[in-house]
Amino acid sequence: MLELLSENRSFGGLHRRYRHPSTQLNGAATLAVFLPPQALAGDRVPALYWLSGLTCTDENVMQKGGAHRLAAALGLALVAPDTSPRGPEVPTDPKGGWDLGHGAGFYVDATASPWDRHYRMHSYVVEELPGLLEAQLPLSQARSISGHSMGGHGALVAALRHPGRFRSVSAFAPICHPSACLWGQKAFGAYLGADQRAWAAWDATLLLASAAERLPLLVDQGLADPFLVSQLRPAELAAAAKAAGHPLQLRYQEGYDHSYFFIASFIDDHLRHHAAALGD
């Protein structure tokens, strides 16, 4: 069951934070939901799932993303889960790093100990959370998915691994090829083990060749992003999409960095992209 933690009126709708027991995460999970006015009037509305990046929580996009106004006009619910399981019983980076453990679940289903007991963010986002929310809130089964950085990686992988589950997908500055960057290598090595053959199932660049559904990808990337070359590697995603014949709109934005100023500047384009697909 959903436990309501807080509620705020926003653009005629409601922003709510919830907590609930999660089977996949083996503990309590926190998330935020924006319900547009149409949902409060009794309609079942489609939902855009937003996956946030390293060190973030459900609060970042809801407070900094600037998405509520247009989501309200479009009749689109927004769902923002946390970025990892949390709690004293949940393992985290023993060296105190910010890129592994709490706040850094990488939206995979861990298979290596001790992470496999709690770190199943992929199945939580793709299966458990939609099932829970669609049963308890006025949400339809029409879903889309988006995210930022680590969450952009998670969104792309979720859509590529589950054809038909989401009607559209987009990402801001995603970690496109995590098997080939330090952030991804550290996380995958811990969560999935040392055998890099297992990593390919969680890498959007590597998944494109065998994707069963050609769902168009919309990706925005700031050219002033300090992580562009070393960690994000969008050129490799573009090359893989071209080789596979997979539709990709990769937009490089001059002068924009990795922050929520960048996201807020282009979030309306992404909301309209998803609303068009969800309205079909």
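Is Arg-233 buried, exposed or partly exposed? I found Arg-233 to be partly exposed, at 24% relative accessibility; buried means under 20% relative accessible area, exposed over 50%, and partly exposed in between, with a 1.4 Å probe and protein chains only.

**Basis.** I worked from a predicted model, in which local features need pLDDT of at least 70 and side-chain atom pairs count only at pLDDT 80 or more, while totals for chains, interfaces and linings use all residues. Residues are numbered from 1 along each chain as its sequence is written, and side-chain values use heavy atoms, with hydrogens and water left out.

**Backbone entries.** I located Arg-233 in the loop between helix H8 (228–232) and helix H9 (234–244); helices (H or I, at least four residues) and strands (E, at least two) are DSSP runs numbered from the N terminus. Arg-233 is not a glycine, yet its phi is positive, at about 55°. I noted a positive phi near 45° for Ala-173 as well. Ala-173 sits in the loop between strand E7 (169–172) and H6, and is buried with a relative accessible area of 0%. I also recorded a cis peptide bond between Ser-113 and Pro-114, with omega about 5°. Pro-114 belongs to the loop between strand E5 (77–81) and helix H4 (121–136). Most residues other than glycine have a negative phi, and most peptide bonds are trans.

**Asp-220.** I placed Asp-220 in strand E8 (residues 217–222) and found this residue buried, at 0% relative accessible area. Its side chain makes a polar contact of 2.8 Å with that of Arg-251; such a contact is a pair of N or O atoms within 3.5 Å, where within protein one must be able to donate a hydrogen and the other to accept it, and residues adjacent in sequence count only if both atoms are side-chain atoms. Beyond four places in sequence, I listed contacts (heavy atoms within 4.5 Å) of Asp-220 that include Ala-173, Gln-253 and His-270.

**Gly-184.** I assigned Gly-184 to helix H6 (residues 182–192); Gly-184 is buried, with 0% relative accessible area. Its C-alpha atom is separated by 8.2 Å from that of Phe-106, 78 residues apart along the chain. Phe-106 is also among the contacts of Gly-184.

**Strand E6.** I counted E6 (residues 139–147) as largely enclosed by the rest of the structure, because eight of its nine residues are buried. Strand E4 (residues 45–51) pairs with E6 in the parallel sense over six bridges; pairing requires that DSSP finds at least two bridges between two strands. I identified Gly-147 in E6 as the bridge partner of Leu-51.
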